[in-house]
Amino acid sequence: MHHPLRLRLDRAALAANWRWLAATAGTACGAAVKADGYGTGGSAAVAVLAEAGCRDFLVSTWDEARRLGPLPTGASLSVLHGVGPDDVVDALASSARPVLNSVEQVARWRAAAPDRPCDVMVDSGMNRLGLRPEEVGVLNGLAIDTLMSHLACADQDHAMNAGQLARFREVKAVVSAKRYSLANSAGICLGRDYSFDLVRPGLALYGGIPRAEAEGKIAQVAYPEAQVVQRRIASAGESVGYGATFVATRDTELTILNIGYADGYLRCFAGHGGGSVGGTRLPLVGRVSMDLVALDCGAAPGLREGDWVALDYDLPVAAAATGLSQYELLTGLGDRFERIWS
């Protein structure tokens, strides 16, 4: 089946990003592969990362765990949302560990599998998931592999970082676990005080820049490309696209690409987006439609139907231009992209 959209994925860049994060942290380095490997393809990302040396993987839900399929030899998987009232059967059938997030989840796991290892999330100040520090007494007797917490403001120089570190150290002193884990991608950049026994990068693995310390160290992994549907001319005075937001001041050669907001290329790219062919940039004109965009292709006279255009998708640059986060730019890329690892 032919796909008019493709996402070229750089295997070497993904592996190199993981190695840099591991070396910077100075401890075991896992990988968040939730949201289908941040849009890159979860199973393929696991294979690349495992070959690089990663042994600890994390997803959000039991359905995501199932979709990954068998893990590489020696690898383990944690399910971040824990074990809800409808998850017990799936959890018991899986080799993955639940990350227990509440008193209710602890009780549920203790009743279902009291001797089986689990992970635990403690809330050190984010107020999202996790036991409050005063609730950790309910963990007595559990076989905890990894006790973890999550940083709320690690991408900023924020007082919460040191505060969360201090609270996590206090919990670590009273809860026995095989390993302790606090840092995400940005947390790794804060320094080794945040590393503990395991770090859990996500965004930076896939080319996102979580903090200035990672600039020049983290390489782009995902390169979206779209195929030309048609080349046409908008005559001077004619408008292009919905809302007639662009009116040609001269005869303007256009290429119509097979991509739109249904593919995660959102309307906020209007006025900012574009693509390139052979190093020649082609600016986007008019609005982004559900399935199509128009680019000014006057600088690329040889561009024809069926040719491919690389979209401008440097993550920090695109985030600054559109107001989207780097996370949204990656995970929003839809399933109409053919994902090609090279």
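The side chain of R97 makes a polar contact with the side chain of D119, at 2.8 Å. By a polar contact I mean a pair of N or O atoms within 3.5 Å; within protein, one must be able to donate a hydrogen and the other to accept it, and residues adjacent in sequence count only if both atoms are side-chain atoms. The R97 side chain makes a polar contact with the side chain of S78 too, at 3.4 Å.

Before I continue, a word on the source. This is a predicted model, in which local features need pLDDT of at least 70 and side-chain atom pairs count only at pLDDT 80 or more, while totals for chains, interfaces and linings use all residues. Residues are numbered from 1 along each chain as its sequence is written, and side-chain values use heavy atoms, with hydrogens and water left out.

To return to R97: this residue belongs to strand 6, residues 97–100. Helices (H or I, at least four residues) and strands (E, at least two) are DSSP runs, numbered from the N terminus. Is R97 buried or exposed? R97 is buried, because its relative accessible area is 11%, and buried means under 20%, exposed over 50%, and partly exposed in between, with a 1.4 Å probe and protein chains only. Leaving aside neighbours within four places in sequence, the residues in contact with R97 include W62, P117, C118, D145 and R179. Contact here means heavy atoms within 4.5 Å.

Let me now describe the chain as a whole. The chain has ten helices and 19 strands, and buried residues make up 49% of its 342 residues. Along the principal axes, the C-alpha trace spans about 75 × 45 × 35 Å. Among contacts between residues at least 6 apart in sequence, 63% join residues at least 24 apart.

As to confidence, the mean pLDDT of the chain is 98, and 100% of its residues reach 70 or more. pLDDT is the predictor's confidence in each residue, from 0 to 100.

I turn next to the nonpolar interior. A nonpolar core is a set of buried Ala, Val, Leu, Ile, Met, Phe, Trp, Tyr and Cys residues joined through side-chain atoms within 4.5 Å. Which residues touch the most other members of the largest core? They are L49, F57 and L147, in a core of 97 residues. Helix 1, residues 11–25, gives the most to this core, with seven residues. Apart from this core lies another, of seven residues, among them A234, A248, L254 and A294. Beyond its neighbours within four places in sequence, L49 is in contact with residues including L14, W18, F57 and Y206.

Y206 brings us to the aromatic rings. Rings of Phe, Tyr and Trp (its six-membered ring) pair if their centres lie within 6.5 Å; planes under 30 degrees apart count as stacked, over 60 as edge-to-face and the rest as tilted. By this rule the count comes to five aromatic pairs. One of them joins Y38 and Y206, which are stacked at 4.9 Å centre to centre, with 20° between the planes. Y38 lies in helix 2 (residues 34–38) and Y206 in the loop between strand 10 (198–199) and strand 11 (222–234), so this pair ties together parts that are 168 residues apart in sequence. Both Y38 and Y206 are buried.

Y38 has a second ring partner in Y327: the centres are 6.4 Å apart and the planes stand at 45°, so this pair is tilted. Because Y38 lies in helix 2 and Y327 in helix 10 (residues 326–331), the pair ties together parts that are 289 residues apart in sequence. Y38 counts as buried at 7% relative accessibility, whereas Y327 is partly exposed, at 40%.

T40 lies in the loop between helix 2 and helix 3 (42–52), and counts as buried at 0% relative accessibility.

R6 lies over the face of W308, at 3.9 Å from the ring centre, and the charged end of K172 sits over the ring of Y180, 4.9 Å from its centre. The criterion is that NZ of Lys or CZ of Arg is within 6 Å of the ring centre and within 35 degrees of the ring normal.
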